[in-house]
Amino acid sequence: MRTQSPIPLEYKLGFHNEITYQKNVGKGLSEKVVREISSFKDEPEWMSHSRLSALNTFRLKPTPTWGGNLSEIDYDNLTYYLSPTPHKVHAWKDLPKEIKQTYEKIGIPQAEKDFLSGVEAQFDSEVIYGSIKKKLDRQGVIFTDTDSALKKYPELLREYFSKLVPPSHNKFAALNTAFWSGGSFIYVPKGVQVSLPLQAYFRINARSMGQFERTLIIADEGSRVRYVEGCSAPIYASASLHAAVVEIFVKPGASVQYTTIQNWSSDVYNLVTKVARVEEDGVMSWLDVNIGSKLTMKYPSCLLVGKGAKGETLSLAIAGKDQHQDAGAKMIHLAPNTTSTITNKSISLKGGRTSYRGLLQVARDSPGSKAKVRCDALILDQISRSDTYPTMKIDEPDATVEHEATVSKVGEEQLFYLENRGLSQDEAESLIVNGFAQPIIKELPMEYALEINELIRMELENPLG
Amino acid sequence: MQKIIFFDRSVNSHQKIKLRKKGRHLEIIGFILGQAHQSISVSLETEFLAPETSCQIDFRIVLKDSATCHFNGRIKIAHHASKANAFLNAKALLLSKNSHAEISPFLEIETADVTAGHSATLGKLDEEQIYYLSSRGLTKNEAENLLTEGFLSDILAKIKDDRIRRVTTHKVKRFLSQR
């Protein structure tokens with residue numbers, strides 16, 4: 001299998017090629033595996049130490065029971081995958097029928113089909129990538145994968161690595177800190193505005209879909225960057241547990257937008273920790289779309305530590321048959337005049353379950369803080385479920401906090417009106433559901449928006465799930 | 001049918017209400033008034049177990065001094081409770097830097113054919129209104145008391161039973177005058 005990675009170019013001959021010959025490091029997540037990974041990657045001692053210490057924390061922490069059902073995860077039988085791609089199969093014919101049909105229907109070009117079916121290791125975009133990389137280099141922007149960053153910029157990485165999400169944050173952050181591999185590392189210098197969303201030109205990056213990616217983004221003062229990860233096409237993954245960690249540092253006056261579209265196959269546990277620290281007058285915007293996986297637990301957070309800092313989370317969750325999307329956001333106001341908004345839309349159908357889980361905290365001495373949460377849920381049939389679990393913790397009297405949530409079904413009157421105008425019941429329902437999700441979908445890069453609209457339409461059309 | 005819930009001292013309260021009969025309608029009006037070092041913890045669970053049931057819940061929380069409040073309002077609508085209608089509204093006012101409020105309105109809905117929602121707001125007294133009243137000769141304290149009474153007046157007015165409304169109004173005034 002060809003494993004040339006387009007980023008970073010200088011790594012073509014390095015570590016990446018060697019991985020393919022190492023099939024697996026055995027079952028179970030043990031110290032032996034951690035040591036092998038670290039020595040294989042030739043890491044500095046502090047990183048090996050960090051991994052081992054995190055493994056210990058992982059073992060000590062109990063599995064949480066307050067969210068989705070995690071009781072069936074068999075930690076002893078998890079396999080660590082060193083492969084650079086997450087794919088289970090390597091030929092189009094071996095893909096499950098539903099996945100092939102989805103690719104056909106949402107109109108994926110052949111090159112992407114090759115990647116998605118594991119035939120190709122990555123989407124070949126050398127030409128486009130080359131000229132963009134030159135521009136980024138001129139601006140002083142660092143955009144590489146985390147493994148490379150550890151080798152090329154060790155002091156910079158060490159300054160930020162695990163500072164927002166230490167192993168103690170939660171059991172799966174500890175797991176990630178022990179076994180992390182891949183993920184992106186981005187540093188934007190002071191005042192630099194990165195005009196193109198990073199990864200937009202390369203929609204499918206194998207490294208960003210690994211089992212335990214670790215992503216770090218540092219936006220220095222006054223800079224601006226947007227990052228897009230994921231894929232709206234379903235990914236038939238080998239690993240059944242994905243525990244990624246994303247840490248973002250928004251320095252004074254900087255602005256970062258992070259967009260994720262998740263559509264893992266329906267046997268995957270997707271347990272992600274995402275935290276951003278926003279300094280004075282900084283802006284952090286999370287855009288989170290969850291369509292796939294068996295269970296997703298993900299609560300993008302903003303720590304608003306500087307005055308005037310702003311945090312925003314826009315999220316869309318769709319849960320179909322046998323799926324549970326347990327997602328939301330956390331906004332923590334720790335300084336005066338900070339603002340946050342959370343807009344969450346969820347759709348559950350065919351027995352699926354969506355749960356919005358959020359925390360809005362305004363600490364003492366954060367006068368002038370304003371926070372607003374709006375959650376809307378659509379349940380499409382009698383067998384599905386929708387939950388809303390928001391918590392507000394307030395210690396500052398001079399703050400304004402608003403939270404609103406509604407749960408409803410597709411309105412009879414709306415359906416009647418559309419059917420009157422000649423649409424079939426399916427078409428009418430599809431239009432209404434799409435309209436419901438539009439405030440979130442319209443914020444996505446266009447090609448994703450088109451695909452997701454199509455996915456929603458397909459999901460509604462297929463009565464058997 | 002109306003149920004009035006009133007807490008003005010430290011308490012750890014857990015209440016479960018089950019709407020078992022078809023067409024059952026309930027209105028719940030709640031007051032949580034905390035002062036000094038009181039700790040008021042209220043957990044209210046409303047379960048909809050029959051079709052066409054409805055429940056409107058409206059809470060007001062006012063905290064002075066170092067009072068703390070934990071309020072959890074859970075609405076559960078079962079799969080067979082079609083055409084159920086549920087709404088919870090919680091409004092909180094913190095009058096001191098040392099008070100702490102934790103509000104968690106939860107919704108668990110297992111069927112599509114319902115209307116359910118909740119809203120929770122936390123605010124402060126309007127500075128302009130305090131200034132206006134002060135310029136009319138009220139002390140700052142008197143102004144704040146008047147405005148806080150205004151904050152509670154809309155749900156006081158909703159109480160249907162005359163005697164209960166009188167008693168509740170009296171308790172509210174007593175809370176406000178204690179400074």
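Among contacts in chain A between residues at least 6 apart in sequence, what percentage join residues at least 24 apart? The figure is 84%, where a contact means heavy atoms within 4.5 Å. Keep that in mind as you open the model.

This is a predicted model, in which local features need pLDDT of at least 70 and side-chain atom pairs count only at pLDDT 80 or more, while totals for chains, interfaces and linings use all residues. Residues are numbered from 1 along each chain as its sequence is written, chains are lettered from A and ligands numbered from 1 in the order in which they are written, and side-chain values use heavy atoms, with hydrogens and water left out.

**Stop one: chain A as a whole.** Select chain A and switch to cartoon: there are 12 helices and 18 strands, taken as DSSP runs (helices H or I, at least four residues; strands E, at least two) and numbered from the N terminus. Of its 465 residues, 60% count as buried; buried means under 20% relative accessible area, exposed over 50% and partly exposed in between, with a 1.4 Å probe and protein chains only.

**Stop two: strand E15.** Now select residues 353-362 of chain A. This is strand E15, and eight of its 10 residues are buried.

**Stop three: the nonpolar cores.** A nonpolar core is a set of buried Ala, Val, Leu, Ile, Met, Phe, Trp, Tyr and Cys residues joined through side-chain atoms within 4.5 Å. The largest has 80 residues, and those with the most contacts inside it include Ile248(A), Met284(A), Ile28(B) and Phe48(B). Centre on Ile248(A): leaving aside residues up to four places away in sequence, its neighbours in contact include Leu164(A), Ile217(A), Arg277(A) and Trp286(A). For a second, separate core of 29 residues, select Phe436(A), Leu455(A), Ile456(A) and Leu460(A), which are among its members.

**Last stop: the cysteines.** How many disulfides does the structure hold over all chains? The count is zero, a disulfide being a pair of cysteine sulfur atoms within 2.5 Å. Select Cys302(A): the nearest cysteine sulfur, that of Cys375(A), is 15 Å away. Cys302(A) counts as buried because its relative accessibility is 0%, and Cys375(A) counts as buried because its value is 3%.
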